[in-house]
Amino acid sequence: MNRIEEIIAIMEDVSRYPAKAIRESMEETGKEVIGCFPLYTPEEIVYAAGMIPVGLWGGQKEIKKADKYLQSFCCSIMKENMEHGMEGSYEFLSAIIIPAYCDTLKCVCENWKAAVPDIPLIAMVYPQNRKITAGVEYLVNEYKRVKDELEKISGKKITEKELEESIDLYEEYRKTMSQFVAIASKYPRTIDAKKRHSIIKAAYFTDKKWYIPLIKELTTELNMLPEEAFNGIKVIATGILAEPEVLLDTLVQNNITFAADDLAHESRQFRTGVSNSGTPLERLALRIAGNQKCALLYDEEKTRGQLLLDLVKEYKADGVVVFMMKFCDPEEFDYPIYKKELEAAKIPMLYLEIEQKMDSVEQIRTRIQSFKEMLTV
Amino acid sequence: MKESKTSKQLLQELLNQHYEEALEAKKSGELVAWSTSIAPQEFLETMDIKVVYPENHAAAIGARKCAQEFIDNSEARGYSIDLCSYARVNIGYMDIKESVAGNIPMPDFIFCCNNICNTVIKWYENIAKELHIPMILFDLPFNHTYEVPDHSVKYIRGQFENAIVQLEEISGKKFDYDRFKEVMKISSETAKWWKQASNEAAARPSPLNGFDLFNYMATIVCMRGKKEGLNLFKLWAEELHDKAKRKEGPWKDAEEKYRVMWDGIACWPYLSDTYKVLKKNGINMVTSTYPDSWSIIYDSNDLDGMARAYSSNYANRNLEFGADNIVKLVEDFSLDGIIFHSNRSCKLMDFRQYEVQRKVSRRTGIPSVIFDGDQTDPRAFSLAQYETRIQALVEMMEQKKKERANRE
Ligand code: SF4
Ligand code: SF4
């Protein structure tokens, strides 16, 4: 096994067994762990508090308890998170942070208090008018609240210096990841769609101090190899997240690879950096203000379609794959708008309606195959 | 001498006038805004800008049983069947522009307030994008705490100030602060009378047949800042008060046997079906969680108070408040039961319902049922299921009545 294969194997292991990875990190670092619901949850503040933030993006459990709180037409990520919470699989968490971007998240926050009383909840709201002064101030206040809550849990104050250091670490993470995905697109066979997903996902369950050097090493190693010829199909992936994994298997089998992504679970996490001016919390708030083209952040110009067109052009991609999380209002509202724009530009599009746990993926498999056939003739 | 009108006659006249004026304004080149239903209309009223409320219009289309055509249109363009049906109807209407339920002019700008849900942000973004028009957004953060926190008030106030600048830019007119003060006063007054009228239903029997609340709702949405609105609700409150004094119940031909609350929006396409099933069983819906959302009351010229009031509707409050609110309604309106509408369109209202139901049931002991429906999508409702659930509710309420009688 060469070093590239080794690192990939480590990352795959982490993504496949997150609980094990988290427990190992806890043992090695002696740190407490805070669960972070999607999206843009302020991991920097958690890290500065001397704790490890871990991402909670659903799972594949059978839903048995969560439907005491949520009707069937709730997105699967949130049903899964509730189920995991109620089932006790998050018992190692000292608290969770839930940001209320969409109507579902608002309610999940509220239900959490009753459904999982043992894991303290830190609820927060991101301002949608996030670019005006009042919006930035509001977010700084929300961050302050989160910081206070975390200090109560850890029993110690977070200093400015700790915050600055944590922000630096996360900036390094974001830069490292941006470099990694750019390089990875040149090695579509070594870093296929599924491996790419696992590597990026592993960041959610580990200490960034451990994770970053490995990704840097992987990027450097890749860079030393000659670019890989590829006669398959290159696509841009968009949506909340690219799961369940069997879909990725199917994509790989059909020689379809991700040239780049606009997934909330992947590139949206690291494509926007913090601002360089202001107090640490202001810098974080300005990062959100500068964040664009995401279904969960107000965008009256709806620039997401343009983003996808730009990515297609930049990476000379053959098309766009939409991972539509079923029952996700924000994503479902964006779709008709960018669909029209992509169609006008004659960009082929594959629409996959997904739930994290799917009983049958046969239909989706067929769609992937026909997409491939359409593009290969 | 003019004959005096009943509030019902006035209601219809005002609604017609509301739509006619908007169409007229558009024809003569004036600005028209599309607004969400609980937005700070005070700003638009002050600037004398005509407003249309897509939720009202979609509800009217639903009630005229012609929603499907509009829904099909938007779904064909990629709108998911799982999205709020008001949005699907409205977006379909933007293309078809013709309905037997009445027409509305296309907007010149968008006025959106997310105190009802975040769905409206996405829906209105799409309108703004499709029509290339500006959008004013009031982002009223969801209150996870019981009360509206101070930093939210500050943020909302900042947005009010920002919106004034945006409105001046869009309209090319100066904002008249004296007029604003007056509009604020009228709006609060109207809201008080609205609340007063709906509170008359606390009398036993209730002078109000609660489904009328749904009818009057269209007017509280669009007439809150107008003197005509104020007069209408005052008249309605007085009518109900007199009726209550005379001990007249909701119906001439039937007796009010059970008093219930309705949680959520009506099923517009099945308004009379859902109503008849209740009436047949002597059930009067005397109150609902929803109409109280327009009780937006604050002191004139108090922008912070206004910010707080707009963020205090139950949809924007935490679950504990939601439960307390219903417990209070159970007491104030002497309720026998609760009907929860699990409205396929409205995730924000639905996804707290189960826990609210449990909490209310634990604290009050009164029976309740949940039925599946939708506010405007006719495909998401089954009359048979509804009837079965109501039947179950009647049995439980009857049982409770007997237990009470035995104790006394
Ligand atoms: S509805 Fe969409 S944005 Fe909201 S929690 Fe579910 S997946 Fe996330
Ligand atoms: S029905 Fe619910 S989702 Fe639709 S606009 Fe009203 S509050 Fe929002």
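## How chains A and B meet

Between chain A and chain B there are 32 residue pairs in polar contact, both residues at pLDDT 80 or more. Here a polar contact is a pair of N or O atoms within 3.5 Å; within protein, one must be able to donate a hydrogen and the other to accept it, and residues adjacent in sequence count only if both atoms are side-chain atoms. Keep in mind that this is a predicted model, where local features need pLDDT of at least 70, side-chain atom pairs count only at pLDDT 80 or more, and totals for chains, interfaces and linings use all residues. Residues are numbered from 1 along each chain as its sequence is written, and side-chain values use heavy atoms, leaving out hydrogens and water.

Here are the interface totals for the two chains.

| Chain A with chain B | Value |
|---|---|
| Residues of chain A in contact (heavy atoms within 4.5 Å) | 54 residues |
| Residues of chain B in contact | 49 residues |
| Buried area (accessible area, 1.4 Å probe, lost on being put together, summed over both) | about 4500 Å² |
| Salt bridges (side-chain nitrogen of Lys or Arg within 4 Å of a carboxyl oxygen of Asp or Glu) | 7 salt bridges |

Carbon and sulfur atoms give 58% of that buried area. On the chain A side, A:Gln71, A:Phe73 and A:Phe333 lose the most area to chain B, together 17% of what that side buries.

Key:
Chains lettered and ligands numbered in written order. Buried area = accessible area lost by both parts, 1.4 Å probe.
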